[in-house]
Amino acid sequence: MILIIDDSEKGVLMRASRYLGAVLGGVMAVALAGCGSSASGPGTAGAGPSAAGSTGSGAAAPLSVVTSTNVYGDIVRQIAGDRATVTALISNPDADPHEFEASAHDQLELSRADLVVENGGGYDDFVGAMLTASGRDITVLDAVDISGKSAEKGAELNEHVWYDLPSMITLVDTIGTALGTLDPAGADTFSANAADLRSQIRTLQDTASAIAAAHRGAGVAITEPVPLYLLQACGLRNRTPEEFSEAIEEGIDVPALVLQHTLDLFSGGTVALLVYNEQTGGPQTDRVLKAARSHDIPVVPVTETLPAGQDYQGWMADNLAAIGTALG
């Protein structure tokens, strides 16, 4: 069995949107002034390369793309190449993404964007607020909507779709098509780059399938479902007390009895691995981490944002390798 530890995402939505009340009044004036004549609608699917402006020679300038996190930023960069400039709002791999606060500069960058890629599903609601403040009609891709994921009856949606490889294949195709609509001259480039990335993600699916073949049905416990899609692809089963994961996701204290039942997973010999989010922490997750180490349980860190110096497929390959090694 495996225990996956991660802290709540929901706090980021409140914290990341608080800045709006303090800065949007001023930022809207700056942003709208900054986009000037672009306010009439560049950035929509029909705007074409002119949405990004043009050079003196008449050649189209690179498209401007803003993404909510550097995970999506990296995917766009791989598909667009030098035909787009990409700004990722949450990009510091050493910071807690739950503490993110957008700045006036972030708002200005978004107000000039031709394309915005957000996670959706309640993970990055601050993007919607910023789009409203921009006053522009910008092409927006919502990864959760594109994935087709929805909450099962009586359950909450697992919005962490960047850990779902099939969803990322679909997103790659959608990004390639959107970029080609905005910049028809680059459509062949976008299509070729998307096909290459799609092939690499399918290789990751093969790796997950190989892990599943060797360990299908092994139990997994989680605090939050951040890497759950990837673990499910590896054939692992979630055995976490539901009250525990719900409390951590809501950012509230775990009931003492529920916490004890979670800790007992280690002492009872039913957990083979602990995976935790190294970008966040708290007293209760620290107790679980300590329990794992005290019982010589392998510990594997995961993150919500892309580590420095890695691309998306390399990051997921490392996660899969760590899971496979610990299970093996």
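This is a predicted model: local features need pLDDT of at least 70, side-chain atom pairs count only at pLDDT 80 or more; totals for chains, interfaces and linings use all residues.
## Which way do helices cross?

A crossing of two helices is called right-handed if the near helix is turned clockwise from the far one by less than a right angle, and left-handed if the turn is anticlockwise.

## The chain as a whole

Let's begin with the overall picture. The chain has 328 residues, and 51% of them count as buried. Running along it are twelve helices and nine strands.

What about the surface? The chain exposes about 13500 Å², with carbon and sulfur atoms supplying 50% of that area. As for contacts, take those between residues at least 6 apart in sequence: 71% of them join residues at least 24 apart.

## Helices 10 and 11

Two packed helices are described by the angle between their axes and the distance between the axes. Helix 10 covers residues 256-267 and helix 11 covers residues 283-294; their axes come within 9 Å and cross at roughly 20°. Angles under 35 degrees count as roughly parallel, so helix 10 is roughly parallel to helix 11. The crossing here is right-handed.

Who does the touching? On the helix 10 side you'll find Leu259, Thr262, Leu263 and Phe266, and on the helix 11 side Gln284, Arg287, Val288, Ala291 and Ala292. Sorted by class, this contact has six nonpolar residues, two polar and one charged.

## Helices 3 and 4

Now for another pair. Helix 3 (residues 104-111) and helix 4 (residues 126-134) have axes 9 Å apart, and they pack at an angle of about 65°. That makes helix 3 roughly perpendicular to helix 4. The crossing of helix 3 and helix 4 is right-handed.

In this contact, helix 3 brings Asp106, Gln107, Leu110 and Ser111, while helix 4 brings Val127, Met130, Leu131, Ala133 and Ser134. The split by class is five nonpolar, three polar and one charged.

Leu230 sits in helix 8, which spans residues 228-233. Is Leu230 buried or exposed? Buried means under 20% relative accessible area, and Leu230 has 1%, so Leu230 is buried.

Leaving aside neighbours within four places in sequence, Leu230 is in contact with Tyr163, Leu165, Met316, Asn319, Leu320 and Ile323. Take Tyr163: Leu230 and Tyr163 are 67 residues apart in sequence, yet their C-alpha atoms are 5.5 Å apart in space.

## Helix 9 and what follows

Helix 9 runs over residues 242-250, and its buried residues are Phe244, Ser245, Ala247, Ile248 and Glu249. Just after helix 9 comes Gly251, with a positive phi of about 75°.

Methods:
Residues are numbered from 1 along each chain as its sequence is written. Side-chain values use heavy atoms; hydrogens and water are left out. Helices (H or I, at least four residues) and strands (E, at least two) are DSSP runs, numbered from the N terminus. Buried means under 20% relative accessible area, exposed over 50%, partly exposed in between (1.4 Å probe, protein chains only). Contact means heavy atoms within 4.5 Å. Accessible areas come from the Shrake-Rupley method with a 1.4 Å probe; for residues, only the protein chains shown count as cover. Axes are lines fitted to C-alpha atoms, for helices over the stretch in contact, and angles run from 0 to 180 degrees between N-to-C directions. Angles under 35 degrees count as roughly parallel, over 145 as roughly antiparallel, 65 to 115 as roughly perpendicular and the rest as oblique. Ala, Val, Leu, Ile, Met, Phe, Trp, Tyr, Cys and Pro count as nonpolar, Asp, Glu, Lys and Arg as charged, and the others, Gly among them, as polar.
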